[in-house]
Amino acid sequence: MKLKLALFLALCCALPLAAQDIGDFTYIDDLTSRKTATQGDAVRMFVIALGKNPGAFNANLQALEKEKISTGLKLAENAPLRRGDAALMAARYLKLGDSLMYAVFKGRRYAVIACVANEIMDFAGGEWDVLSGGELVELIGRVSEKAGGAK
């Protein structure tokens, strides 16, 4: 329970308050207790991190496409979120280029390594591991912190 509250408070401080309403807080609180995050959850959380109000999945996906965060990814709303997909979106969001292999290949595996090197992810698994809701909330909190709040 303490971890859930700590993650929730960290995210609240890291994300721009203007973009959040009670629905976002409720959604994030629910997400922290889920054993498996979905790709739809990641899309929504990155939209919130951009400082925009989330909408339906396709509208959120278009917002990320416009920012070139989800370009080329085959995302489905209810599919489990893999660590590599989350890392790739985070690396694109932060425009990470300090990892030579990620800068050259721009793949999921190297995005995970770039995120670990930038202390956005823990080095605890591979790109095919499924993330929990709490791990996604923690990831978005770290991404928002590295970005300095809203872009």
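This is a predicted model: local features need pLDDT of at least 70, side-chain atom pairs count only at pLDDT 80 or more; totals for chains, interfaces and linings use all residues.
## A crossing to start with

Helix α3 passes helix α4 in a left-handed crossing. Two packed helices are described by the angle between their axes and the distance between the axes. For α3 (residues 39-49) and α4 (residues 57-66), the axes come within 9 Å and cross at roughly 55°. That angle makes α3 oblique to α4.

Which residues make the contact? On the α3 side they are Gln 39, Gly 40, Val 43, Arg 44, Phe 46 and Val 47, and on the α4 side Phe 57, Asn 60, Leu 61, Ala 63 and Leu 64. Sorted by class, the residues of this contact are seven nonpolar, three polar and one charged.

## The whole chain

Now step back and look at the protein chain as a whole. How many helices and strands does the chain have? It has eight helices and zero strands, so reading along the sequence gives the pattern α-α-α-α-α-α-α-α.

The chain has 151 residues, and 47% of them count as buried. Among its contacts with a separation of 6 or more, 61% are accounted for by residues 24 or more positions apart. The chain exposes about 7,800 Å², and carbon and sulfur atoms supply 57% of that area.

## Helix α3, mostly covered

Let us return to α3. Is this helix mostly covered or mostly uncovered? Ten of its eleven residues are buried, which leaves α3 mostly covered. The buried ones are Gln 39, Gly 40, Asp 41, Ala 42, Val 43, Met 45, Phe 46, Val 47, Ile 48 and Ala 49. After the helix comes Gly 51, which has a positive phi near 85°.

Helix α8 (residues 133-147) also packs against α3, at an angle of about 25° and with the axes 10 Å apart. That angle makes α3 roughly parallel to α8. The crossing of α3 past α8 is right-handed. From α3, the contact uses Asp 41, Ala 42, Met 45, Phe 46 and Ala 49; from α8, it uses Leu 136, Val 137, Ile 140, Val 143 and Ser 144. By class, this contact has eight nonpolar residues, one polar and one charged. An α-helix has 3.6 residues a turn, so residues three or four places apart point the same way. Keep that in mind as you trace the two lists of contact residues in the picture.

Gln 39 lies in helix α3. Is it buried or exposed? Its relative accessible area is 6%, and because buried means under 20%, Gln 39 counts as buried.

Leaving aside neighbours within four places in sequence, Gln 39 is in contact with Phe 57, Lys 74, Leu 75, Ala 76, Glu 77, Ala 79, Pro 80, Leu 81 and Asp 85. Its C-alpha atom is separated by 8.4 Å from that of Ala 86, a residue 47 places away along the chain.

## Helices α5 and α7

Another pair to find is α5 and α7, whose axes come within 8 Å and cross at roughly 65°. That makes α5 roughly perpendicular to α7. The crossing is left-handed. Arg 83, Gly 84, Asp 85, Ala 87, Leu 88, Ala 90 and Ala 91 of α5 meet Arg 108, Ala 111, Val 112, Cys 115 and Val 116 of α7. This contact has eight nonpolar residues, one polar and three charged.

## Residues in the loops

Lys 68 is in the loop between α4 and α5 (83-94). It has a positive phi of about 60° although it is not a glycine. With 60% relative accessibility, Lys 68 counts as exposed. Glu 119 sits in the loop between α7 (108-117) and α8. Its phi is also positive, about 60°, and Glu 119 is not a glycine. At 59% relative accessibility, Glu 119 counts as exposed.

Leu 96 is found in the loop between α5 and α6 (100-105). Is Leu 96 buried or exposed? Its relative accessibility is 12%, so Leu 96 counts as buried. The C-alpha atoms of Leu 96 and Ala 114 are separated by 7.2 Å, and the two residues are 18 apart along the chain.

Note on methods:
Residues are numbered from 1 along each chain as its sequence is written. Side-chain values use heavy atoms; hydrogens and water are left out. Helices (H or I, at least four residues) and strands (E, at least two) are DSSP runs, numbered from the N terminus. Buried means under 20% relative accessible area, exposed over 50%, partly exposed in between (1.4 Å probe, protein chains only). Contact means heavy atoms within 4.5 Å. Accessible areas come from the Shrake-Rupley method with a 1.4 Å probe; for residues, only the protein chains shown count as cover. Axes are lines fitted to C-alpha atoms, for helices over the stretch in contact, and angles run from 0 to 180 degrees between N-to-C directions. Angles under 35 degrees count as roughly parallel, over 145 as roughly antiparallel, 65 to 115 as roughly perpendicular and the rest as oblique. A crossing is left-handed if the near helix is turned anticlockwise from the far one by less than a right angle, and right-handed if clockwise. Ala, Val, Leu, Ile, Met, Phe, Trp, Tyr, Cys and Pro count as nonpolar, Asp, Glu, Lys and Arg as charged, and the others, Gly among them, as polar.
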